[in-house]
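Please look at the sequence and the model below, and turn the model slowly before reading on. The paragraphs after it are meant to be read with the structure in view.

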Amino acid sequence: MKRSLPLAMLLALSLAPAARAANEADYKAAYAAAEAASKEAAGMRNQWTVTVSALAAAKKAADGGDFDRAVAAAKEAEALAKASIFQATSEKEAWKAMEIR
């Protein structure tokens, strides 16, 4: 429960609606942050497939000119990537405690 609370807070904050309409610069910043986190997760060999799907959805929405949806998808992708990084780091040593001795 203690581990899932920060993740839930991160997802809730990242999916909060923006106060104004997003523009292309907002999208590019959000996408760059999401892509960087995704690459970090991939480097840890723990990239989730839903992260890749969210990045693709962000790019598709931006290509269609819907920057609000693109920014939301990019922020979702960033949150998913950060969650996968958290999972990789927390389980790096935690699996030993579950090992049958």
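This is a predicted model: local features need pLDDT of at least 70, side-chain atom pairs count only at pLDDT 80 or more; totals for chains, interfaces and linings use all residues.

Residues are numbered from 1 along each chain as its sequence is written, and side-chain values use heavy atoms, with hydrogens and water left out.

The secondary structure of the protein consists of four helices and zero strands, where helices (H or I, at least four residues) and strands (E, at least two) are DSSP runs numbered from the N terminus. Followed along the sequence, the protein has the pattern α-α-α-α. Of its 101 residues, 30% are buried, a word that here means under 20% relative accessible area, with exposed meaning over 50% and partly exposed what lies in between (1.4 Å probe, protein chains only). Contact means heavy atoms within 4.5 Å, and among the contacts between residues at least 6 apart in sequence, 78% join residues at least 24 apart.

Next come the helix pairs. Two packed helices are described by the angle between their axes and the distance between the axes. The axes are lines fitted to C-alpha atoms, for helices over the stretch in contact, and the angles run from 0 to 180 degrees between N-to-C directions. Angles under 35 degrees count as roughly parallel, over 145 as roughly antiparallel, 65 to 115 as roughly perpendicular and the rest as oblique. A crossing is left-handed if the near helix is turned anticlockwise from the far one by less than a right angle, and right-handed if clockwise.

Helix α2 (residues 24-43) and helix α3 (residues 49-63) have axes that come within 11 Å and cross at roughly 160°. These two helices, α2 and α3, are therefore roughly antiparallel to each other, and α2 passes α3 in a left-handed crossing. On the α2 side the contact involves Y27, Y31, A34, E35 and S38, which meet T51, L55, A58, K59 and A62 in α3. By class, this contact of α2 with α3 has six nonpolar, two polar and two charged residues, where Ala, Val, Leu, Ile, Met, Phe, Trp, Tyr, Cys and Pro count as nonpolar, Asp, Glu, Lys and Arg as charged, and the others, Gly among them, as polar.

How do α3 and α4 pack, and at what angle? Their axes are 8 Å apart, at an angle of about 165°, and α3 and α4 are therefore roughly antiparallel to each other. The crossing of α3 and α4 is left-handed. Residues of α3 that take part include V50, T51, A54 and L55, and those of α4 include F67, R69, A70 and L80. The contact of α3 with α4 has 14 nonpolar, one polar and one charged residues.

The pair of α2 and α4 has axes 8 Å apart and an angle of about 20°, and that makes α2 roughly parallel to α4. Here too the crossing in which α2 passes α4 is left-handed.

Rings of Phe, Tyr and Trp (its six-membered ring) pair if their centres lie within 6.5 Å, and planes under 30 degrees apart count as stacked, over 60 as edge-to-face and the rest as tilted. By this rule the count comes to two aromatic pairs. Y27 and Y31 form a tilted pair, 5.6 Å centre to centre with 45° between the planes; both lie in helix α2, four residues apart, about one turn of the helix, and both are buried. Y27 and F67 form a tilted pair as well, 6.2 Å centre to centre with 45° between the planes. Because Y27 lies in helix α2 and F67 in helix α4 (residues 67-94), this pair ties together parts that are 40 residues apart in sequence.

T51, in helix α3, is buried, with a relative accessible area of 1%, and, leaving aside neighbours within four places in sequence, T51 is in contact with S38, A77, L80 and A81. I85, in helix α4, is buried with a relative accessible area of 13%, and I85 touches A37, E40, A41 and M44, not counting residues up to four places away in sequence.
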